[in-house]
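Visitor: I have a model open and want to learn how to read it. Where do we begin?

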Amino acid sequence: MIARMPIAITRAVSPTISQCELSFVARQPIDATRAAMQHDAYERSLQSLGCTIVHVDPAPELPDAVFVEDAAVVLDEVAIVTRPGAASRRPETESVAAALQRYRTIRRIEPPATLDGGDVLRIGRAIYVGHSLRTNDDGIEQLGALAAEYGYAIAPIAFRGCLHLKSAVTQAGEHVLLLNPDWIDARQFHDFQAMRIDPGEPFAANILRIGGALLVGASYPRTRRLLEGRGYRVETVDVSELEKAEGGVTCCAIIVGE
């Protein structure tokens, strides 16, 4: 069997990114030109890991539009277009849906539900969903009902201290999660070993696993060394300007076919 090459759906950085929504980080100046250069390097990193890049139509008027992950949850059988918790971000979803419909049947989260893709961690047939400022109970319930049609099980997850679930925890290995223990209780994840980030790098748990490699932000060298010490292949990319907009390496792509 020939393995499918994963597709990474991305969108260009908006020149208005400095007007982005913020919840848990202080606003500071963002250099949009530098952010765009970092995003270009991010896409090259994805390509080096075997991804084919597919661009969503630019949305220069939408400050957070680069963070495409929040607009959809992609399963093997279906793409579920979200209804973001920040009203300013809801116009982002239709162009993402247009890109995804080439690869998946489209289903949608409906009002009054809200759901951000950054709150959804899928591992196999299990889907962990964080209840957050952006994802409400209705959103979790609707996602659960849609995913159940395709044989997935939903597990609501509590966390604190950060915007999205995947700021607090992501998958590092087959049965290993990388997490910030100050933000999330590892006991909520059965059958997984918890690996802690370096305590001096609270946002370091946001990593992107593609095939046998982990993409890690260059801002977190100590956590990178912890991962390398455990035998993981680690690639780093500087997304420091995007981090000022409360983003990270998972936020800037929707991986399809992985």
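**Reading the fold, piece by piece**

Guide: Start with one residue, and keep in mind that this is a predicted model. Beyond its close sequence neighbours, up to four places away, L46 touches A8, T10, C51, I53, L208, I210, L215 and A253.

Visitor: Which residues have the most contacts inside the largest nonpolar core?

Guide: In soluble globular proteins, nonpolar side chains tend to be buried together. Here the largest such core has 26 residues, and those with the most contacts inside it are Y42, L46, L215 and L242. Two or more residues come from each of α1 (32–48), β12 (208–210) and β13 (213–217). The most come from α1, which gives 3 residues.

Visitor: Now the strands. How many bridges join β6 to β7, and do they run parallel or antiparallel?

Guide: Strand β6 (residues 120–123) and β7 run antiparallel, joined by 4 bridges. L121 stands opposite Y128 in β7. Their hairpin has 2 residues between the strands, and G124 takes a positive phi near 65° there.

Visitor: In which sense does β7 pair with β8?

Guide: Parallel, over 5 bridges, with β8 covering residues 153–157. One of the pairs is G130 with I157 in β8. Between these strands the chain passes through helix α3 (residues 137–148), and this β-α-β crossover is right-handed.

Visitor: How far apart are the end C-alpha atoms of α3?

Guide: They are 16 Å apart; at 1.5 Å a residue, its 12 residues should span 16 Å, so the two agree.

Visitor: Which residues of α3 are buried?

Guide: An α-helix has 3.6 residues a turn, so residues three or four places apart point the same way. In α3 the buried ones are G139, I140, L143, G144, L146 and A147. They pack against β3 (72–74), β4 (78–81), β5 (105–108), β6, β7 and β8.

Visitor: What sits at the start of α3?

Guide: A side-chain oxygen of N136 reaches to within 3.2 Å of the backbone nitrogen of D138. In the loop between β7 and α3 you find T135.

Visitor: Is T135 buried or exposed?

Guide: Buried, because its relative accessible area is 0%, and the cut-off is under 20%. Its side chain makes a polar contact of 2.7 Å with that of D119. A polar atom of the T135 side chain also lies 3.0 Å from the backbone nitrogen of D116. Setting aside neighbours within four places, T135 is in contact with T114, L115, D116, D119, V129, G130 and I140.

Key: Residues are numbered from 1 along each chain as its sequence is written. This is a predicted model: local features need pLDDT of at least 70, side-chain atom pairs count only at pLDDT 80 or more; totals for chains, interfaces and linings use all residues. Side-chain values use heavy atoms; hydrogens and water are left out. A nonpolar core is a set of buried Ala, Val, Leu, Ile, Met, Phe, Trp, Tyr and Cys residues joined through side-chain atoms within 4.5 Å. Buried means under 20% relative accessible area, exposed over 50%, partly exposed in between (1.4 Å probe, protein chains only). Contact means heavy atoms within 4.5 Å. Two strands pair if DSSP finds at least two bridges between them. A crossover is right-handed if, with the strands pointing away from the viewer, the path from the first strand over the helix to the second runs clockwise. The expected span of a helix is 1.5 Å times one less than its number of residues. A polar contact is a pair of N or O atoms within 3.5 Å; within protein, one must be able to donate a hydrogen and the other to accept it, and residues adjacent in sequence count only if both atoms are side-chain atoms.
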